[in-house]
Amino acid sequence: MAPYSKCTLLALLVAFAMIAPSLPPLAAARDGGASKDAAAPASSEAAAHPMGLFDNIINGIIHFRLPDLPLPAILPCPPAFPIKIPFIPCRNETPSQPPVAECRSSLAKYMAPCAGFLTGDGTGASSSPSKNCCKAIDPFYQDDSTTPLCLCHVVNGDVGKLLPAPVNLTQAKAFLPQCHFELPPEQVSKICGGKTVKIPPMDVASPPPTWRHH
């Protein structure tokens, strides 16, 4: 090779070495680097949750519920019964209402339409209870704060404490039969006599006095 050719080649190599750092990267190198960068988060995420698929399977098994057998629902559902037995149907129970402690409030609320009949002498307008008076029986079955047993205080005349005049006991005993009450008068008298069931009192009993030793 001629001397001038060697000089020319050497000059080209020196020039390339000087401009090489300022050249942009090759497309292939650039694309390959981007692909690696995009794949990196997926790899790191997979490494962070290696049991994700297994967890989903376990959760599906835990929350899977087999249907109950076609049997009558005899046992109550939790919390009324400690556990739910697999394949055995249960029935939902509403919590029971606390016992009625007194009848004065409900009698004062509902029995006002019956005042004329209960305190009358059985003649004229007081010969029979009005329609509104007979409707006053319904709330004692519908209102959870009272009970039909409170009507015994009407039959026994105790409701007179709430009326403007004393109760006529003859009228009081005729009150339920004339309103077509569902029980016969003999059964009502037996129940209201307090021998078969406990009748809630008119008023809440006062607590006994507390004695202090000096």
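**A walk through the predicted model**

S106 lies in helix α4, which spans residues 104-110. Helices here are DSSP runs of H or I with at least four residues, and strands are E runs of at least two, numbered from the N terminus. This is a predicted model, in which local features need pLDDT of at least 70 and side-chain atom pairs count only at pLDDT 80 or more, while totals for chains, interfaces and linings use all residues. Residues are numbered from 1 along each chain as its sequence is written, and side-chain values use heavy atoms, with hydrogens and water left out.

Is S106 buried or exposed? S106 has a relative accessible area of 4%, so it is buried. Buried means under 20% relative accessible area, exposed means over 50%, and partly exposed is in between (1.4 Å probe, protein chains only). S106 is in contact with F140, T146 and C150, leaving aside neighbours within four places in sequence. Contact means heavy atoms within 4.5 Å.

How far can the model be trusted? pLDDT is the predictor's confidence in each residue, from 0 to 100. The chain averages 75, and 63% of the residues score at least 70. Over residues 26-43, pLDDT stays under 50. For that stretch the model has one contact beyond four places in sequence. Where pLDDT is low, the predicted coordinates should not be read in detail.

Now turn to the core. A nonpolar core is a set of buried Ala, Val, Leu, Ile, Met, Phe, Trp, Tyr and Cys residues joined through side-chain atoms within 4.5 Å. The largest one has 30 residues. L107, M111, L118, L151, F175 and L176 have the most contacts inside it. Two or more residues each come from α4, α5 (115-119), α8, α9 and α10. F175 touches residues including M111, F117, L118, I137 and L151, not counting those up to four places away in sequence.

V188, I191 and C192 are buried. Seen down the helix axis, the buried residues of α10 fall within an arc of 90°, so they line one face. The arc is that of the directions from the axis to the C-beta atoms. These buried residues pack against α8 (152-155) and α9 (169-178). On the other side of α10, E186 and K190 are exposed. G194 follows α10, with a positive phi near 80°.

Next come the aromatic rings. Rings of Phe, Tyr and Trp (its six-membered ring) pair if their centres lie within 6.5 Å; planes under 30 degrees apart count as stacked, over 60 as edge-to-face and the rest as tilted. The whole structure holds two aromatic pairs. The ring centres of Y110 and F140 are 5.6 Å apart and the planes are at 70°, so this pair is edge-to-face. Y110 is in α4 and F140 in α7 (residues 139-142), 30 residues apart. Both Y110 and F140 are buried. Y141 and F181 have ring centres 6.4 Å apart and planes at 45°, so their pair is tilted. Y141 is in α7, while F181 is in the loop between α9 and α10. Y141 is partly exposed at 42% relative accessibility, whereas F181 is buried at 16%.

Last, the charges. A salt bridge is a side-chain nitrogen of Lys or Arg within 4 Å of a carboxyl oxygen of Asp or Glu. A search of the whole structure finds one. D203 pairs with R104, the closest N and O atoms being 2.4 Å apart. This pair links distant parts of the chain: D203 is in the segment after α10 (185-192) and R104 is in α4, 99 residues apart. D203 is partly exposed at 36% relative accessibility, and R104 is partly exposed at 28%.
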